[in-house]
Structure formats: structure tokens, C-alpha cells
Amino acid sequence: MLPELQKTIDESSTGNLTFLVTEFNKPFTVNGLGNKMRDWCDQAELFHCTTHGLRKAGATIAAENGATDEELMAIFGWTTKNQTTTYTKKARRKKMAAGAMRKLLPEGSEGI
């Protein structure tokens, strides 16, 4: 768990295992949480953010920092590698391209 999240949980009165509850103190439904996230992002003037987009950004960051398929599965609750390989392949391709760019220069040229 990220330290910032653990700190917030430790400082909050959760009462049970549901951390995000509605104004009626009930767990969010999947659609309800998505709608609430839209409201929170709008209030923060993050109009371009969505629940899916934030999840995708997290998976991209983790993969670019070296997370394996199995680690992404553990973090995001995926049960197959269908989702994870999208992120890990793209991260590997990005690193390979960065390393290969110098190969476009003539030998002995100063690098990029």
C-alpha cells in the first residue's frame, strides 16, 4: 500500500473494511463510484481525468518503473495477463527505443 494511502486510512474512521462510502454511509456501487470520481475530478478542475484514465496512468507508471506482469496483477486486481502485457510491452518498447536512438548516429558522433 502506498504510504500516503496508509496514512489517510490510519487517520480516518473507517468503521469497517469499506473505505469509500456514499453520503448514506453505504459502499459505492461500481457505477456510483465512477460517477462520484467524475464529480471529484470536476471539483478539482481535472476535467480530463476519469476513473479508467487514472487507473491506466497508475499501471503505466508502475510498468515504466519496472513492475512485472505479476506485480501489476497484484496491484490492480487483474487475474490474467491480458491487461498487464499492454503496459509492460509498451514500457519495454519505450526503453528499447531510447537505448537504440544512438544507433541512428554515425559511429563516433556525439550522442543524443
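User: Which residues form the positive surface patch here?

Analyst: K56, K89, K90, R92 and R93 make it up. A patch takes residues with over 30% relative accessible area and no salt bridge, joining like charges within 9 Å and nonpolar side chains (Val, Leu, Ile, Met, Phe, Trp, Tyr) within 5 Å. Lys and Arg count as positive, Asp and Glu as negative, with His and the chain ends not counted; each charge is placed at NZ of Lys, CZ of Arg, CG of Asp or CD of Glu. Before going on, note that this is a predicted model, where local features need pLDDT of at least 70 and side-chain atom pairs pLDDT 80 or more, while totals for chains, interfaces and linings use all residues. Residues are numbered from 1 along each chain as its sequence is written, and side-chain values use heavy atoms, leaving out hydrogens and water.

User: Which helix gives the most to that positive patch?

Analyst: That's helix α5, residues 81-100, with 4 residues. Helices are DSSP runs (H or I, at least four residues; strands are E, at least two), numbered from the N terminus. K89 sits in α5, and K89 is called partly exposed because its relative accessibility is 48%. The scale is: buried under 20% relative accessible area, exposed over 50%, partly exposed in between (1.4 Å probe, protein chains only).

User: And which residues form a nonpolar patch on the surface?

Analyst: Look at M1, L2 and L5, which together have about 360 Å² of accessible area. Such areas come from the Shrake-Rupley method with a 1.4 Å probe, and for residues only the protein chains shown count as cover. L2 is in the segment before α1 (3-11), and its 61% relative accessibility makes L2 exposed.

User: How many salt bridges does the rule give?

Analyst: The count is 4. The rule asks for a side-chain nitrogen of Lys or Arg within 4 Å of a carboxyl oxygen of Asp or Glu. Start with K7 and E11, whose side chains meet at 3.2 Å, N to O. The two residues are 4 apart in helix α1, so about one helical turn separates K7 from E11. E11 is exposed, at 59% relative accessible area.

User: What does R38 form a salt bridge with?

Analyst: Its partner is D42, with the closest N and O atoms 3.0 Å apart. R38 and D42 share helix α2 (residues 30-43), again 4 residues apart, about one turn of the helix. R38 comes out partly exposed at 26%, and D42 is also partly exposed, at 29%.

User: What about E70: which residue does it bridge to?

Analyst: K81, with 2.7 Å between the closest N and O atoms. This pair ties distant parts of the chain, E70 being in helix α4 (residues 69-76) and K81 in helix α5, 11 residues apart. E70 is partly exposed at 45%, and K81 is partly exposed at 38%.

User: Is D69 buried or exposed?

Analyst: D69 is buried, yet it has no salt bridge. The nearest side chain of opposite charge is K81, 4.7 Å away. D69 is in helix α4, and its side chain reaches the backbone nitrogen of T85 at 3.4 Å. A polar contact of 2.8 Å also joins the side chains of D69 and T88. For a polar contact, look for a pair of N or O atoms within 3.5 Å; within protein, one must be able to donate a hydrogen and the other to accept it, and residues adjacent in sequence count only if both atoms are side-chain atoms.

User: Where does T88 lie?

Analyst: In helix α5. T88 counts as buried because its relative accessibility is 3%.

User: How far apart are L105 and M73 in space?

Analyst: They are 39 Å apart, C-alpha to C-alpha, and 32 residues apart in sequence. L105 lies in the segment after α5, where L105 counts as partly exposed at 30% relative accessibility.
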